[in-house]
Amino acid sequence: MSDSGEPGERTTPAVFPPPPQAKLSKQVRPVILSVLVLTLLSGCVFPLLLAVIGRPLFPRQANGSLITRGGVVIGSELIGQEFSRPEYFQSRPSAAGNGYDGTSSGGTNLGPNNPKLKNGAADFSGIQQLAEKYRKNNGLPQYAPIPIDAVTRSASGLDPDISAANAALQIPRVARARGWSEEAVRRLVAIHTKGPQLGFLGNARVTVLELNLALDQSPGGAGPPKSR
Amino acid sequence: MTSSLNMMRWVEYLVFLAIVIGVAQPAGLYLARVAQRRRTFLDPVVGPIEWLLYRMLGVRPEEEMSAGVYVICFLAFSAGCTLLLFLVLVFQRYLPGGPAEAFLTTPMTLDLAANTAVSFTATTTWQAYGGEQTLRYLAQVAGLVAQNFLAGAAGLAIGFAFIRGIARERSATIGNFWVDLIRALLWVLLPLALIGSLILMWQGVPLNMAPYTLAHTLEGHPQTIAQGPVAALEFIKNLGTNGGGFFNANGAHP
């Protein structure tokens with residue numbers, strides 16, 4: 001092939017005999033009908049087919065992975081919610097609406113070199129203020145390192161998970177507020193910690209609502225404190 | 001700890017790269033079969049639909065087009081799709097189904113509808129709308145999902161024609177736009193999206209027409225959770241290399 005480029009050497013894959021050619025004047029009907037018919041096919045038939053197959057197979061997921069307690073919906077496995085009481089593990093900070101608004105997903109859109117992200121503003125807590133509050137709430141020393149997910153708002157403001165490291169730092173506070181031993185809380189956290197997906201994608205995480213629900217429902221939570 | 005995490009990152013990259021390289025050749029060979037109208041294992045399922053569509057649209061699949069006719073068909077089809085999507089978005093308030101008007105706090109204005117219609121039919125798919133605060137479920141499905149498919153299929157068709165233009169010598173034609181469009185849709189995008197969307201549903205992506213759910217959180221606050229036919233859009237969005245998502249936070253949701 002070193003002396004390629006010689007015309008006439010290669011075989012010609014021309015279509016033979018030449019096919020009939022479509023006339024431009026005959027294309028009006030296909031243009032109009034294709035827009036309508038193909039929109040129906042991909043915008044109506046496809047979603048319906050997906051619903052007919054998928055909804056019976058995955059009914060819980062299809063309806064939003066809702067979690068109920070005593071017949072009342074208390075949230076979704078996939079949507080973070082606000083926890084401010086010390087006896088609950090706390091979610092990541094949120095910029096969705098006025099915070100954790102499930103109808104108004106969104107982040108701060110502040111770039112990493114925007115001083116507002118770090119220092120905050122009059123009506124906005126920056127990473128510095130969030131870190132201060134987090135350290136104070138959890139009884140950590142002034143310069144104790146904290147996981148980044150504890151002081152940053154997620155892109156949707158609805159992240160249901162926190163990192164395993166974030167959960168670990170909150171264990172002493174939760175244990176104290178509930179009057180449990182740290183060991184008991186730690187055991188529950190371990191049960192509800194999910195490893196990286198397929199063993200290598202992402203980091204270990206804890207779904208906050210699921211863990212807090214388990215805290216409330218475990219016998220140590222309802223009964224008198226200090227039992228193991 | 002850090003070094004094992006770094007190792008994990010490298011495993012992520014390597015697995016991704018291996019998948020891309022591994023898929024490239026079989027996917028390319030399959031696409032070539034689709035473009036050349038040769039037999040594939042999907043023929044028994046989608047073959048009759050293809051035949052029916054040709055009959056309905058009045059397309060004669062054995063006819064070929066010159067580059068000029070091909071491009072005019074492509075442009076006219078895209079223009080028609082833009083107009084239809086624009087009308088669906090502008091008149092979405094007359095479509096039945098959720099979400100409730102009270103949650104649609106950001107209105108679908110004329111300029112936003114025009115922006116969205118043009119960018120979706122051009123596969124730019126710029127998301128200038130707020131999703132859960134702007135769009136009705138049916139507008140998302142019949143409008144945006146449809147264009148995720150059609151703009152992608154039209155792009156694939158142009159790709160087929162472009163390669164024919166290079167590969168063929170002494171030929172006045174580069175294929176038939178309608179045939180390429182319909183085959184890209186039936187043999188590639190629709191079946192892949194069906195499988196992919198089912199996997200997404202299994203992994204938790206919702207697919208419903210239900211009103212937004214009012215939840216009472218563990219601490220007793222009300223929280224409204226957006227719902228919708230999300231799974232129908234998410235996979236084709238990625239497959240067709242589109243951009244605009246279902247919710248405001250798009251792929252970062254939740």
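Figure 1. On a 1 Å grid over the protein atoms alone, a pocket is an open set of points with protein on both sides within 12 Å along at least five of seven lines, whereas a cavity is a set where a 1.4 Å probe fits but cannot get out; lining residues have an atom within 4 Å of a point. Grid points are joined across faces, edges and corners, and a volume is the space filled by probe spheres set on the points. The structure is a predicted model, in which local features need pLDDT of at least 70 and side-chain atom pairs count only at pLDDT 80 or more, while totals for chains, interfaces and linings use all residues. Residues are numbered from 1 along each chain as its sequence is written, chains are lettered from A and ligands numbered from 1 in written order, and side-chain values use heavy atoms, without hydrogens or water.

The second largest pocket holds about 500 Å³ of space. Its lining comprises 21 residues, and A:Ser91, A:Pro93, A:Tyr100, A:Leu130 and A:Lys133 are those nearest the centre of the pocket. Two helices (DSSP runs of H or I, at least four residues, numbered like strands from the N terminus), α4 (127-137) and α5 (164-178) of chain A, each supply at least two lining residues. The most come from α4(A), which gives four residues. By class, the lining has seven nonpolar, ten polar and four charged residues (nonpolar: Ala, Val, Leu, Ile, Met, Phe, Trp, Tyr, Cys and Pro; charged: Asp, Glu, Lys and Arg; polar: the others, Gly among them).

**Figure 2. A:Tyr100 in its loop.** A:Tyr100 is placed in the loop between β2 and α3 of chain A. The phi angle of A:Tyr100 is near 55°, a positive value in a residue other than glycine. A:Tyr100 is also among the residues nearest the centre of the second largest pocket.

**Figure 3. Salt bridge between A:Arg92 and A:Asp159.** The side chains of A:Arg92 and A:Asp159 form a salt bridge at 2.9 Å, N to O (a side-chain nitrogen of Lys or Arg within 4 Å of a carboxyl oxygen of Asp or Glu). The pair links distant parts of the chain, 67 residues apart. A:Arg92 belongs to the loop between β2 (72-76) and α3 (115-119) of chain A, and A:Asp159 to the loop between α4 and β3 (161-163). Over all chains, the structure holds 17 salt bridges.

**Figure 4. Interface of chain B with chain A.** In this interface, 78 residues of chain B are in contact with 75 residues of chain A (heavy atoms within 4.5 Å). The area buried between the two chains is about 6300 Å², and carbon and sulfur atoms give 68% of this area (accessible area, 1.4 Å probe, lost on putting two parts together, summed over both). The number of salt bridges between chain B and chain A is zero. On the side of chain B that touches chain A, at least two residues come from each of α1 (2-35), α2 (43-57), α3, α5, α6 (177-202), β1 (213-216), β2 (222-225) and α7 (230-239). The most are given by α6(B), with twelve residues. This side of chain B divides into 51 nonpolar, 16 polar and eleven charged residues.

**Figure 5. Largest cavity, in chain B.** The count of cavities of 30 Å³ or more is one, and the largest cavity contains about 30 Å³ of space. Its lining consists of B:Phe77, B:Ser78, B:Cys81, B:Thr121, B:Gln147, B:Leu150, B:Ala151 and B:Ala154. Five lining residues are nonpolar, three are polar and none is charged.

Figure 6. Chain B has seven helices and two strands (strand: a DSSP run of E, at least two residues). From the N terminus on, these elements follow the order α-α-α-α-α-α-β-β-α. Along the principal axes, the C-alpha atoms of chain B fill a box of roughly 75 × 55 × 35 Å. The peptide bond from B:Gly98 to B:Pro99 is cis, with omega near -10°. B:Pro99 sits in the loop between α3 and α4 (110-121) of chain B. Another cis peptide bond joins B:His253 and B:Pro254, with omega about 0°. B:Pro254 belongs to the segment after α7 of chain B.
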